[in-house]
Amino acid sequence: MSVVIAPTAVIDPKAQLGTNVRIGHFSVIGPDVSIGDGTVVDQHAVITAQTTIGENNRIFAGTVIGGDPQDTSYKNSPTKILIGDNNIFREHCTVNRATEKEDGITEIGHDNYFMAGTHVAHDCKLGDRIVIANNGMLGGHVRVGNDVTIAGGVGVSHFASIGQLSFVSAMSRVLHDVPPYTIVDGQPSKPRAVNTIGLKRHGYTSEDVEVLVQAFRLLYRARVGIEKARDEVYSRGPIRPVIKHLFDSIERSCSGRHGRGQDQRGKKKAA
C-alpha cells in the first residue's frame with residue numbers, strides 16, 4: 001500500500017514519508033520531518049521541527065511532536081527529536097524538541113505507550129517498553145529506563161531519573177531519582193517496596209528478587225546507609241548484576257543536587 005494522505009492534511013513537500021504511511025485530516029507535517037514505514041498519524045496532529053519518527057508508530061488526534069522547548073533560554077536552534085519504532089501516542093500528547101544544554105536531542109526508544117495528555121519535555125531520554133498513563137508529565141532532562149510504568153497524573157521534576165523496571169504510583173510527585181526495580185509513591189515520592197511482580201514477569205530469577213529485597217530492607221527500613229548496606233549484601237554471596245546496578249544508581253543519585261544524579265548544576269569538578 002502506498003502513502004495515504006487525507007485531502008485536508010498539510011504536508012510540506014520536503015517531508016520524508018516512508019511506505020504505508022497514513023496521514024489523517026487536518027494534520028500538519030513540517031519540512032524537516034521524517035516518518036518511517038507503516039506509521040499512522042490521525043487527524044489534527046502536528047509534527048514539526050527536525051523530527052525523525054521510526055516505523056509502525058501510531059500517533060492519535062491532537063498530538064504535537066516537535067514543539068519548541070518550554071525553556072526561556074531557547075534561541076530557535078535546530079535541535080532534534082528522535083523516536084524509534086512501534087510507539088503509541090494517544091490523544092493530545094506533546095513531545096518537545098531539545099535545547100542546546102546537552103546533545104540537542106530529545107529521544108524516545110521503541111515499543112512505548114503514552115496515554116492521553118502525556119508530556120515529554122525537552123532533552124528527555126526515554127528507553128523501551130515504557131508505559132506512561134494519562135496526564136503523566138516529564139520535566140526537562142528527565143531519564144526513564146526500560147520497562148518502567150508511570151501511573152496517571154504523575155509529575156516528574158526536571159533532571160530526575162526513573163530507574164528500569166520501576167513503578168511510579170498514581171498522582172506521585174517525583175522530585176528525586178527513582179531507584180531501579182522499586183515501587184514509589186507519595187508527594188514527594190518515596191520507595192515503598194521492590195517491584196517483585198514486575199521482576200518476575202520479566203524473567204528475573206528468585207535469587208535476583210531476594211537479593212534486591214535484602215538490599216531494600218537495609219536501605220529503606222533499617223536505613224544503615226549505602227556503604228554499609230552494599231558491604232553487607234556483597235558479603236553474602238556472588239554480586240549479581242541487578243544488585244550492582246541498584247547500588248550504582250543510588251550512588252549516582254547521591255552525587256547530584258537534591259538526589260538527582262543528572263542534575264550536576266553548580267557542582268565543582270575535582271582537580
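Q: How many cavities of 30 Å³ or more does the structure hold?
A: First, the idea: on a 1 Å grid over the protein atoms alone, a cavity is a set of points where a 1.4 Å probe fits but cannot get out. Grid points are joined across faces, edges and corners, and the volume is the space filled by probe spheres set on the points. Here, the structure holds one cavity of 30 Å³ or more, and the largest cavity has a volume of about 40 Å³. Keep in mind that this is a predicted model: local features need pLDDT of at least 70, side-chain atom pairs count only at pLDDT 80 or more, and totals for chains, interfaces and linings use all residues. Also, residues are numbered from 1 along each chain as its sequence is written, and side-chain values use heavy atoms, with hydrogens and water left out.

Q: Which residues line the largest cavity?
A: Lining residues have an atom within 4 Å of a point. In this case they are Pro180, Tyr181, Thr182, Val194, Leu212, Phe216 and Leu246. To sort them, count Ala, Val, Leu, Ile, Met, Phe, Trp, Tyr, Cys and Pro as nonpolar, Asp, Glu, Lys and Arg as charged, and the others, Gly among them, as polar. That gives six nonpolar residues, one polar and no charged ones.

Q: What does UniProt list for residues 177-254?
A: UniProt positions are in the numbering used here, feature names are shortened, and annotations may be inferred rather than shown by experiment. The unreviewed UniProt entry lists "domain: UDP N-acetylglucosamine O-acyltransferase C-terminal" for residues 177-254. For helices (H or I, at least four residues) and strands (E, at least two), we take DSSP runs, numbered from the N terminus. The span is 59% helix and 14% strand, and its end C-alpha atoms lie 9 Å apart.

Q: Is Ser253 buried or exposed?
A: Buried means under 20% relative accessible area, exposed means over 50%, and partly exposed is in between (1.4 Å probe, protein chains only). Ser253 sits in helix H4 and is buried, at 14%. As for contact (heavy atoms within 4.5 Å), once neighbours within four places in sequence are set aside, Ser253 touches Asp177, Gly259, Arg260 and Gly261.

Q: Where is Gln262 found?
A: Look in the segment after helix H4 (241-255). Gln262 is partly exposed, with a relative accessible area of 22%. Beyond its neighbours within four places in sequence, Gln262 is in contact with His141, Arg143, Phe159, Ser161 and Arg252.

Q: How many salt bridges does the count come to?
A: The rule is a side-chain nitrogen of Lys or Arg within 4 Å of a carboxyl oxygen of Asp or Glu. By that rule there are 16 salt bridges. One of them pairs Asp103 with Lys125, whose closest N and O atoms are 2.8 Å apart. Asp103 lies in the loop between strands E14 (94-96) and E15 (105-108) and Lys125 in strand E18 (residues 125-126), so the pair ties together parts 22 residues apart in sequence. Asp103 is partly exposed at 47%, whereas Lys125 is buried at 15%.

Q: Which residues are linked in a network of salt bridges?
A: Those are Arg257, Arg260, Asp263 and Arg265. Asp263 is buried, with a relative accessible area of 0%. The closest N and O atoms are 2.7 Å apart in the Arg265 and Asp263 bridge, and 4.0 Å apart in the one between Arg257 and Asp263. Both arginines are partly exposed: Arg257 at 31% and Arg265 at 40%.

Methods
On a 1 Å grid over the protein atoms alone, a cavity is a set of points where a 1.4 Å probe fits but cannot get out, and a pocket is an open set with protein on both sides within 12 Å along at least five of seven lines; lining residues have an atom within 4 Å of a point.
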